[in-house]
Amino acid sequence: MSERGDQVQRLLAALAKHADLVAEAFEGSVSGGDKQRNSGIDALFSLNVLKPYDEDSYRLNPRLREFMADYFSSYQAFQALRRVSGTMQQAQEQWRELRRLKTVGATKDAGRLHSALDESIVEIAYSIEHNLTLLHSLISTQYGNVDDLSSKLRQNRYYAQQVKLFLQDVQAIDVFVDRVADEAIASGLPEVRLLVTRRLAANRLLWTSQIKDAQAVISKRLFEAKLMEVRLKRLSRIALWLARNKTSAGWELAVDEKSNAALFRPERVDLRPQPDVSDMEPAAWDGLLAAVARMPARLKVASVAADPGPQLLLEDDAEVEQVVDPQQVALRELSKQAASASGPISLLTWKRKRLELTEVPDEAWLMFACLQLKGSGFRVEFVQRDDLDPFPINERFHDIEVRCALPEAA
Amino acid sequence: MSARVLKLLLAGEYICPVRYRMEFELLGDTSEREEVDAWLLSLGMRLARLGDEGAFFLAHDHIGQKEITQVKNELLKFRDEYGPAVLLLDFIRQADAGRVQLSPGEYIVLYQLDAAVSQSSMLETQLKGLLSVITNAAMRNTNHENLRRLLDHLARDGYVVLANKDTGAYQVTGKIEQLYAVLQFLDENKVVPDTEVDDREEVQEDLVDEANAGEGAQS
């Protein structure tokens, strides 16, 4: 291992030792605390990993932050795309010097310049790849580094501009690659031609197409966002009109068949499938039987009486003989008598005088006459037996007396 | 050809990826779409779409006088036909302070609306003014309850769909683009003069754009 490689290992070991502080600094600034923490900050500060930011406040070296941000695809809002024009200029100078050194025969220095040019070429390629990754990340998350819509829109516009410059850079690389490739053949440096062709020219078309894709997406998003703004403004305008003009219901507008199809709302077409009873397919037949089984039981229809045949209307002048109930007649007479009598009339005594009532049992007569007379407004009194029941449960009576109702008290 | 797709179309539904994801994906297949279209053609209908990538819906193959009269009547009674949806969606737009775009697929969260209304007496007053428009809303209800009914109203009309009952998240469906198409038609007919409205704000060109424009001009 070379001395330089050893140093790199030490640096990485120091970073690993204080990984917690590095991680904290990636999120924001770090400040001192206990003794162990302070010594960690000192160690990182001496390695230039932390840079002083404020009183007892340190931030991560921007280059290290950038490396981590690339790794985690975590980008700041409005982060500029990397310009490759500076690196390309550097590569051009290196190429010019390399050719001069080759001409004068300084092989050792030419070798160093070749390494430096290689590094510059790799950096150009890396910057382009980085820019594409950044664009893809931002576009796929819809500029997720900000929540505010207007900020998203501004970022979209910003990157639309950035992509234009990026495309210009890639086109400038085309010119650079062609020139270096031609000059490398002329100068007898085919390895440089191979370098630029492999690292840059081979990927040129892919990069250009990817940038143009990103540009198309950004433009579309921008258009959609603008369209959306227009829609919402329209919505708010019509809503405001509805609120201000409460007496107006709508507008009489000219509509024709060429109007937007979206205006014609679809009407519901009701579907009601009917079973095909003639379908003898086993599945259809089983389904039909199952449907029949689910049907409610048939209502029993009352049997229709047999037709008695034609009817003949017979008109008879003979009077219909009315059957007269003797009890009714007797009761009518009794009520007449009771209405005019001054004293009470015994129902049993009165019954026994009537021959037509001899077949009627006493109990039946008493119940019938009592209810009818009471209903007609007569006073009825139960005549009790003189011998008192020692344990009276029912009031026993043997007769009922009826008399005319007293006039109601005023 | 999916029977479910046909039934939805005949039921007058808008098949969008938010509400009917599977059916929408089926219609994404060109051959399926052609089959459905051919089937509908025999009924004098066709498969139409809102915009280039929007929801699918059933349209008449030939627009007749009856359909024209129907649309004219709908525009004549705009307040009853589309007014509630316009007012309720605009209320959501205002409550969400510019973040919500009311585009298909977007989420509207009930508690966020509730928080916005509780922090703004203006929104609260506005919500109370909309109670007559919202189905089943009432003055005695809490704001939260009335907002829920507002979203349920929009869900019944098919403009949003309840995505998560627990969080009260509703998702805007593709049908909203039909409403936007009607509003665009109104705009094209200049029914509401621009001067009548003053709450519109122009998109401000930002300094970054200006700087870039300047840089571009110099280079």
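This is a predicted model: local features need pLDDT of at least 70, side-chain atom pairs count only at pLDDT 80 or more; totals for chains, interfaces and linings use all residues.
Residues are numbered from 1 along each chain as its sequence is written, chains are lettered from A and ligands numbered from 1 in the order in which they are written, and side-chain values use heavy atoms, with hydrogens and water left out.

Chain A has twelve helices and five strands; helices (H or I, at least four residues) and strands (E, at least two) are DSSP runs numbered from the N terminus. Of its 410 residues, 33% are buried, where buried means under 20% relative accessible area, exposed over 50%, and partly exposed in between (1.4 Å probe, protein chains only).

The size of an interface is often given as the accessible area lost when the parts come together. Chain B and chain A bury about 5,700 Å² between them, 62% of it on carbon and sulfur atoms; this is the accessible area (1.4 Å probe) that two parts lose on being put together, summed over both. Leu10(B), Arg79(B) and Gln101(B) supply 12% of the area that chain B buries against chain A, more than any other three residues. The contact (heavy atoms within 4.5 Å) takes 66 residues from chain B and 49 residues from chain A.

Side chains of opposite charge can pair when their charged atoms come close. A salt bridge is a side-chain nitrogen of Lys or Arg within 4 Å of a carboxyl oxygen of Asp or Glu. The whole structure holds 32 salt bridges over all chains, and five are counted between chain B and chain A. One of these joins Arg231(A) to Glu177(B), at 3.5 Å from N to O. Another pairs Glu74(B) with Arg265(A), the closest N and O atoms being 3.5 Å apart. That pair runs from helix H4 of chain B to the loop between helix H8 (190-244) and helix H9 (282-294) of chain A. Glu74(B) is buried, with a relative accessible area of 8%.

Other salt bridges lie within one chain. In chain A, Glu356(A) and Arg354(A) meet at 2.8 Å, N to O; Glu356(A) is partly exposed at 35% relative accessibility, whereas Arg354(A) is buried at 17%. In chain B, Arg149(B) pairs with Glu145(B), with the closest N and O atoms 3.0 Å apart. Both lie in helix H9 (residues 143-156) of chain B, four residues apart, about one turn of the helix. Glu145(B), Arg148(B), Arg149(B) and Asp152(B) are linked in a network of salt bridges.
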